[in-house]
Amino acid sequence: MTPMIAPFLLAAAIASSNPIQRQTDHADNQARQPNQANQQVTPTQPTINQVINTQPESQPPHPGQSKKQQFFDKALTEPLAGITVLLALIAIIQVSVYLAMHSTTKRVERAYVYVNAITSFEDYGPEQRPSATFEVINSGRTPARILKFGATMIHRYVGSPLERPMPENELNLVEMDFHMVHGQHSDHGVTFEPVDVEQFKCAMNRTCVMYIFGRVVYRDRFQKWGSRYANFTFEMEHRKRIIDDPGEGPIIGFNIANKAYNDAD
């Protein structure tokens, strides 16, 4: 044996004679190698590419939610529904603004017809038929079409209230058809039923009050089928004569009666 081979043979003999060193080397070899047994048992899994939806899924409606709540919940989660709701709200606001402006325009531009005064009152006496002339004014900005006008006369004891509501069956409304422009004044005459003797004495003794009340019905350009009205009431006022002439009847004036049939639409 040559001197150069002798050291290698000696090292191999020492390694084979050391069992601990052999176990350590075996464990290291197992740690370095992959687990071939597991690879043989576990089959190869196919690769699945899943597309993830980034949008939130709509939740099923809760049984206790109303349709209105479900609608707004859906509008908040779905962009298209939200845009639809926004457009609907804008449309509602625009309609509300239009209606408010139209209502304001009607109040400003509409016709306002009322009875301003009794300009004449004649033939008031027992068993006579008095007549009165009324001044009607249109103070609105648009023309008015007068449809009906009527008035009546009643006597009530002092302190007795007028009936409520106005007795429409006693108005004696007469149909008519004429137009009044802005600012126009028009006179309308009415003849009443004969005055009873007791009513006349009661009015002259000032234990009764004589009322004249009535109504004017008209239409303006903002109304195609409906109509407007103005109720009026005047109360008799006694006036003294400057020259006492028993051959003539009493001088009678009228004031607008307070807390009576004075209203309009």
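How many disulfides does a search of the whole structure find?

Modeller: The search of the whole structure finds one disulfide, a term that denotes a pair of cysteine sulfur atoms within 2.5 Å. The model is predicted, and local features need pLDDT of at least 70, side-chain atom pairs count only at pLDDT 80 or more, while totals for chains, interfaces and linings use all residues. Residues are numbered from 1 along each chain as its sequence is written, and side-chain values use heavy atoms, with hydrogens and water left out.

The disulfide is formed by Cys202 and Cys208, whose sulfur atoms lie 1.6 Å apart. The torsion about their S-S bond is about 80°, so the disulfide is right-handed. Cys202 is buried at 11% relative accessibility (buried means under 20% relative accessible area, with a 1.4 Å probe and protein chains only). Cys208 is likewise buried, at 8%.

As for the strands (DSSP runs of E, at least two residues, numbered from the N terminus), three of them form an open antiparallel sheet in the order β1-β2-β5; two strands pair if DSSP finds at least two bridges between them. β1 (113-122) and β5 (185-191) are the edge strands with a single partner each, so one side of each has no neighbour in the sheet. From one strand to the next, the twist averages 25°, with axes fitted to C-alpha atoms and angles running from 0 to 180 degrees between N-to-C directions. β1 and β2 (residues 131-138) run antiparallel and are joined by eight bridges. Within this pairing, Tyr114 stands opposite Ile137 of β2.

Key: Helix = DSSP H or I, 4+ residues; strand = E, 2+ residues; numbered from the N terminus. Buried < 20%, exposed > 50% of the residue type's maximum accessible area, 1.4 Å probe, protein only.
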